[in-house]
Amino acid sequence: GIRDVAVTGVQTCALPIWRRVGLDASSLSMRGKGVARYLAEMLPCLATVDTSLELVVLADLAASFPTGAERLKRQAINPRPASVWEQVGMPRAARSGGLALLHSTSDRLPVATRTPLSLYLFEDPKYREAIAGKPSGLRHTLAGALIRGLFPVSLRRAGVVMVSSKATLRDVVSRGVPEERIRLVYPGVSRVFRPAREAGEIGRA
């Protein structure tokens, strides 16, 4: 039973169908933006996918679970501080959960883990750093240095790097990732967006 499985931004390559796939939902938030919104809208969709894989959501117990995702298995984690979760908590959760694959959106994947990793990347973190400008204070300086140091390692550690756009694909290739390890997976359209039923709806929008 070896097969390729692709589901809403999560792709595993040649895994036995009885294996568990962990989804890093440490950034899950019902009111958040970016990755938080991506997770909140992706999990209910994954709950409807007919797959032989067992999907395990790694999430803080304090985080509200999105409606429709209740059927997914949940494994409690402590995601704070983020750097400790990524480098210590994530590998520990993968071991204790018996995960065969760990999927994350973090650009600081764990360095020391035997669990295969997959990464979904919205953009190269260099753009966030450019927008933020010069870091103010020791904390932000260290955080920036950590990302710059760990992001290239994350790209090497991930067996599959999924990207949300062709621009990000080019950035990842420019960092030395072979194209055969990259998958272009466009984000799905949010359910809040739909065709207007009446002309009046367009005006109110």
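In this predicted model, Thr-113 is a buried residue, because its relative accessible area of 15% falls under the 20% cut-off. Thr-113 sits in the loop that joins strand 6 to strand 7. From there, the side chain of Thr-113 reaches the backbone nitrogen of Thr-115 at a distance of 3.2 Å. Once neighbours within four places in sequence are set aside, the contacts of Thr-113 are Pro-91 and Arg-157.

Strand 6 (residues 101–104) and strand 7 (residues 117–121) pair in the parallel sense over three bridges, and His-103 stands opposite Ser-118 in strand 7. Strands of a sheet pair through backbone hydrogen bonds, either parallel or antiparallel. Here the sheet is open, with seven strands in the order 5-4-3-6-7-8-9 and parallel pairing. Its edges are formed by strand 5 (73–77) and strand 9 (182–184), each of which pairs on one side only. From one strand to the next, the twist averages 25°.

A pair of aromatic rings is described by the distance of the centres and the angle of the planes. The structure holds three aromatic pairs. One of them joins Tyr-38 and Tyr-120 in a stacked arrangement, with 5.2 Å from centre to centre and 15° between the planes. Tyr-38 belongs to helix 1 (residues 35–46) and Tyr-120 to strand 7, so this pair ties together parts that are 82 residues apart in sequence. Both Tyr-38 and Tyr-120 are buried. The rings of Tyr-120 and Phe-122 also form a pair, which is edge-to-face because their planes stand at 80°, with centres 5.1 Å apart. Together, Tyr-38, Tyr-120 and Phe-122 make up one aromatic cluster.

Nonpolar residues complete the picture. In soluble globular proteins, nonpolar side chains tend to be buried together. The largest nonpolar core in this model has 24 residues, and the members that touch the most others are Leu-23, Leu-28, Leu-43, Leu-46, Leu-55, Val-57 and Leu-72. At least two residues of this core come from each of strand 3, helix 1, strand 4 and strand 8, and helix 1 gives the largest share, six residues. Leu-43 shows what such a position looks like: leaving aside neighbours within four places in sequence, Leu-43 is in contact with Leu-23, Leu-28, Val-57, Phe-65, Pro-66, Ala-69 and Leu-72. Apart from this core lies another, of 21 residues, whose members include Leu-58, Leu-102, Leu-121 and Val-161.

Technical notes
Residues numbered from 1 in each chain as written. Predicted model: local features only at pLDDT ≥ 70, side-chain atom pairs only at ≥ 80, totals over all residues. Heavy atoms only, no water. Pairing = 2+ DSSP bridges. Helix = DSSP H or I, 4+ residues; strand = E, 2+ residues; numbered from the N terminus. Axes fitted to C-alpha atoms, helices over the stretch in contact; angles between N-to-C directions. Phe/Tyr/Trp six-rings, centres within 6.5 Å; stacked < 30°, edge-to-face > 60°. Buried < 20%, exposed > 50% of the residue type's maximum accessible area, 1.4 Å probe, protein only. Polar contact = N/O pair within 3.5 Å; in protein donor to acceptor, adjacent residues only side chain to side chain. Contact = heavy atoms within 4.5 Å. Core = buried A, V, L, I, M, F, W, Y, C linked by side-chain atoms within 4.5 Å.
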